[in-house]
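Take a look at the model first, then read on.

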Amino acid sequence: MAVEQPLAHEAEQTRIHNIGYRSYDGPRLGRAYARRSLYSQSLRGAYGLGRSVKSKVLPMLLFVVMCVPALIMVAVAVATTAKDLPVQYTRYAIIMQAVIGLYVASQAPQAVSRDLRFKTVPLYFSRPIETADYVRAKYAALASAMFILTAAPLLVLYVGALLAKLDFAHQTKGFAEGLVSVALLSLLFSGISLVIAAATPRRGFGIAAVIAVLTISYGAVSTIQAIAEVHSGSSTALVWMGLFSPITLIDGVQTAFLGANSSFPGGHGPSTAQGVVFLLVVLGLIAGSYGLLTRRYRKVGL
């Protein structure tokens with residue numbers, strides 16, 4: 001009996017608690033809501049919003065660097081009562097391409113590399129969200145962040161031009177052309193950068209690879225164009241070389257269709273017929289980037 005009493009006492013104290021999961025009876029918001037949430041979260045992350053102070057420093061600093069020259073140009077135009085702005089709207093992004101390249105190189109890996117590194121991509125696909133939804137949200141978020149970065153200084157120029165009482169019709173036309181140009185640039189740079197960043201889970205490698213692709217391609221094309229201008233004088237060969245760099249592709253498109261002055265050596269920009277080829281290559285790269293990203297994440301999600 002001395003042995004049985006403790007056992008009986010323990011049996012009386014034993015309890016079984018049901019801690020199982022309860023079913024969810026609330027509304028199912030579905031894929032569209034998940035896609036919008038991923039888009040907004042990725043867009044906020046591109047400027048460090050909702051993250052640590054350290055994460056906000058670089059994107060905000062680059063945003064300020066993009067806008068300060070525009071503010072200076074506006075101040076000069078107002079103070080000197082100039083008849084036009086010192087730079088075309090379509091030229092501003094070409095001039096500031098180093099800042100743009102640094103921004104997209106730093107934010108593209110932030111958008112995708114962390115999910116790859118910590119292997120969280122399959123968790124996204126365990127929910128209603130699919131591969132195409134993930135890619136669209138990430139692509140749209142980075143492109144939107146890029147558009148904000150490149151369109152904000154154009155808006156500063158436009159508002160400043162109106163304050164300086166420059167010709168309204170001329171400035172509005174230039175501003176619209178500039179927005180079209182930076183929209184194409186944002187889509188192209190975002191697509192290329194995301195494809196490169198998605199190839200490695202290491203953020204540092206992604207940043208270096210994006211900078212290398214954007215910088216080396218432009219430097220090589222510009223150098224070869226300058227040599228061709230000096231030694232051959234063939235404007236046709238010089239123009240076609242612009243197909244091999246993202247920034248010269250945008251330069252060629254806006255020169256052919258948006259009335260921009262070409263930054264090619266000697267000002268030899270593409271004609272309208274050549275511009276069609278440039279535009280098709282830009283659109284093909286954008287579509288190809290989306291396709292490569294989709295294929296990449298289908299493999300990762302398996």
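Which residues in α2 meet which residues in α7? R31, R35, L38, Y39, Q41, S42, L43 and A46 in α2 meet D133, Y134, A137, K138, A140, A141, S144, A145 and I148 in α7, where contact means heavy atoms within 4.5 Å. Before you go further, note that this is a predicted model, where local features need pLDDT of at least 70, side-chain atom pairs count only at pLDDT 80 or more, and totals for chains, interfaces and linings use all residues. Residues are numbered from 1 along each chain as its sequence is written, and side-chain values use heavy atoms, with hydrogens and water left out.

- By class, the contact of α2 with α7 has 10 nonpolar, three polar and four charged residues (Ala, Val, Leu, Ile, Met, Phe, Trp, Tyr, Cys and Pro count as nonpolar, Asp, Glu, Lys and Arg as charged, and the others, Gly among them, as polar).
- Helix α2 covers residues 30-46 and helix α7 covers residues 131-163; helices here are DSSP runs of H or I with at least four residues, numbered from the N terminus.
- The two pack at an angle of about 35°, and their axes are 8 Å apart (axes are lines fitted to C-alpha atoms over the stretch in contact, and angles run from 0 to 180 degrees between N-to-C directions).
- α2 passes α7 in a right-handed crossing, meaning that the near helix is turned clockwise from the far one by less than a right angle.

**Pockets**

- The largest pocket has a volume of about 310 Å³ (on a 1 Å grid over the protein atoms alone, a pocket is an open set of points with protein on both sides within 12 Å along at least five of seven lines; a volume is the space filled by probe spheres set on the points, which are joined across faces, edges and corners).
- Its lining has 11 residues, and L29, G30, A34, R127 and P128 lie nearest the centre (lining residues have an atom within 4 Å of a point).
- Helix α2 turns up again here, giving the largest share of that lining, four residues.
- The lining of the largest pocket divides into eight nonpolar, one polar and two charged residues.
- The second largest pocket has a volume of about 230 Å³, and of the 13 residues that line it, Q88, Y89, H170, G174 and E177 are the closest to its centre.
- α8 gives the most to the lining of the second largest pocket, with five residues.

**An aromatic pair**

- Searching the whole structure turns up seven aromatic pairs (rings of Phe, Tyr and Trp, using its six-membered ring, with centres within 6.5 Å).
- Y89 and F175 have ring centres 6.1 Å apart and planes at 65°, so this pair is edge-to-face (planes over 60 degrees apart).
- Y89 sits in helix α4 and F175 in helix α8, so the pair ties together parts 86 residues apart in sequence.

**A cavity**

- The largest cavity has a volume of about 40 Å³ (a cavity is a set of points where a 1.4 Å probe fits but cannot get out).
- V112, Y134, V135, K138, Y139, L194, L293 and Y297 line the largest cavity, and α7 gives the largest share, four residues.

Notes. Phe/Tyr/Trp six-rings, centres within 6.5 Å; stacked < 30°, edge-to-face > 60°.
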